[in-house]
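Student: I am new to this structure and would like to go through some of its parts. Could we begin with the loops?

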Amino acid sequence: MAYSSKTTMVNDNGEVIPVRKSEYKQTFRNTVKTTKYMLDYVLKEKKGRTYAAAKVILSLYKVLPMVVYTVFPGLIITELTNARRIQRLAVYLGVLIFTPIIDRIINRFTGEYLQRTFNHLSAKFLRDYDYHSAKMDYESFEYPDIQTINERAFVTASNALQVVDRLCALLSALLGLATIFSIIATLNIFIVIVTLLIIYLNSIITKRLNTKYYETEKEMSKYQRYIGSSLMFVLHDIWFAKEVRIFDLGDYFADMLYNKRLEVNNIKIKNTNSSLNAQILFSCTNFIQQLCLYIYLIYMVLFRSLSIGHMTIYMSAVNQFAEIFNGIINSYLDLAKSGLMIHEFMQFMDMPLKQYETGTKEPVLDKNSIIEFRNVSFKYPGSTAYVLKNLSITIHGSEKLCIVGHNGSGKTTFIKLLTRLYFPTDGEILLNGVNINEYDYEKYQALFSPVFQDYSLYMLTFAENIALSNDPDKERILELCKECGLQELVERLLNGLDTNVFKVIDEEGFQPSGGEGQRMAIARALYHSAPIYLLDEPTASLDPMAEYEIYTQFNNMITDKCAVLITHRLSAVQLADKVAVFDNGHVAEYGTHAELYAQNGIYTEMFDKQAQFYRDKPKSEDKVDM
Ligand code: ADP
């Protein structure tokens, strides 16, 4: 693109982050740049070009009714007060009366096409936005500024075609202005100057108003995200419904929402007040313009023998002139105002997708492959504390590595770095001796079959949730359901594998329990059968028997694959080839279960504590209340 907005900034910790606070000014130059950017964006679509062409033709046509309404009433009066030719009168009247009808008919036929195209293109632009948003670097979620820009880019994407509408309004107004100007050119120049002066004053008021609107909208967007995405979600979504009821959080959050809405209202009222004040100023400036016009025209009629017909033409011409000129200024100011939003849209769409812009090498993972974390350190964006410190570990191609360690010791972060959700702060991660960033991002991601503790289920059918595609291999899914203990469930479901998950869009949908959901997530990972399985507490919602059964099944099914398993349940550890004990962001102990147990270190302590917990029978003094 011709205009490249700067899309990085350095934060207080010296980190380069992918956005910069907006310093956009509504100058003419910036307005031209942002308008051109958006116009190019629209015109790259074939439908965008036809939409623009139709709009231009309509803009040219719009001048016609404008001239008719300005000139014809005056012509009729002139005819009535002078020659009184019936035929001419009938023609003038006919044109005047039929113009609005013809106008409506043209609108009827073009309106549907334009609206349909507008909706179609808006959906397409929103898809561009959705693609970009879904590919944004995972770490972008750490920055509220980026989230604000993201939300506002959504608004701009849905209104992208407004730029064509506004430019065409401008074109139509400019043509109208030229026509009307030729009519009033014969009138006193003083009236024209007064009119232009008034329009100039009005434009200053409007510009100030627009800037104020923008500032308050920006201020409000922070609140709206809090209200819309957070509080509303908590109150009205099924995910929170249980706790909201049991902890009786309804009133608590409803009151919080109420207070936030009141705060938003206080900001909104600033806009209302500015708008009301501006209305008064507008009426004052218009009063001056009208006063000058009427005094002048009455003077001309009384003392300079101007005919009533011509007076009517001049009057409507000057009023039209003012209206058109105001239209031009407003169209420009609208473009300048939307320039602020477009600027943010540009920042968002031009934001580098850092992970996608890395290497292009093709990754391979087989039993001879080696994944190596070499002195990897990491701190989360915006945070000064290292979560991983000089971590080094090697995983072989068909090895099962189990990672254990206390909460917060960095296990999940390790998986996030391995899957390239974040870049290491220091050190490097290698696959077959090559830095993982040198591999094509999508191909690299395809190496993993993950099961996260906070797995996601989607509003798709059961089968689609496993296959994550709309063309699921149902036979294979049924087999996997057997392996993962889901067979009975599927048989019970009203539409079997085609049953929708959740009841949000289908009242016959089913609501999976935590354990069922987790089994589905496991079946999904097996279905995708990628070379590396990542299991981050995959059985936390399963009972110990089911867990043991799943682990054993799983182990049998992935014998030749690489797997990294994070778990607190040390029973699973015995299935692993190697165990790494994470402590405070580094590998404190490493070896087989037997080796580690013999070391009498952290692992032995963890294992014994857990084993004791299960072994200890209730003592006779431990009463059981029934
Ligand atoms: P574990 O999986 O071992 O429980 P994690 O890797 O999830 O540990 O977390 C390690 C540390 O990183 C914790 O102190 C946690 O609070 C911190 N942490 C996790 N995610 C973020 C984040 N997005 N931003 C800042 N700190 C985080």
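Student: Where does Leu468 lie?

Tutor: Leu468 lies in the loop between α12 (462-467) and α13 (474-483). Helices (H or I, at least four residues) and strands (E, at least two) are DSSP runs, numbered from the N terminus. This is a predicted model, in which local features need pLDDT of at least 70 and side-chain atom pairs count only at pLDDT 80 or more, while totals for chains, interfaces and linings use all residues. Residues are numbered from 1 along each chain as its sequence is written, and side-chain values use heavy atoms, with hydrogens and water left out.

Student: Is Leu468 buried, exposed or partly exposed?

Tutor: Leu468 is partly exposed, at 41% relative accessibility. Buried means under 20% relative accessible area, exposed over 50%, and partly exposed in between (1.4 Å probe, protein chains only).

Student: What is the phi of Leu468?

Tutor: The phi of Leu468 is near 50°, a positive value in a residue other than glycine. Most residues other than glycine have a negative phi.

Student: And what about the phi of Asn584?

Tutor: Asn584 is not a glycine either, yet has a positive phi of about 55°. Asn584 sits in the loop between β11 (578-583) and β12 (586-591) and is exposed, with a relative accessible area of 53%.

Student: Now to helices. How many residues does α9 have?

Tutor: Helix α9 (residues 308-349) has 42 residues. From first C-alpha to last it reaches 59 Å, close to the 62 Å expected at 1.5 Å a residue; the expected span is 1.5 Å times one less than the number of residues.

Student: Where is the kink in α9 centred?

Tutor: The kink, of about 30°, is centred on Leu340. The bend at a residue is the angle between axes fitted to the seven residues ending there and the seven starting there.

Student: How many residues of α9 are buried?

Tutor: In α9, 30 of the 42 residues are buried, so the helix is mostly covered.

Student: Which residues is Leu335 in contact with?

Tutor: Leaving aside neighbours within four places in sequence, Leu335 is in contact with Thr31, Thr35, Val163, Arg166, Leu167 and Leu170. Contact means heavy atoms within 4.5 Å. Leu335 and Leu170 are 165 residues apart in sequence and 9.9 Å apart in space, C-alpha to C-alpha.
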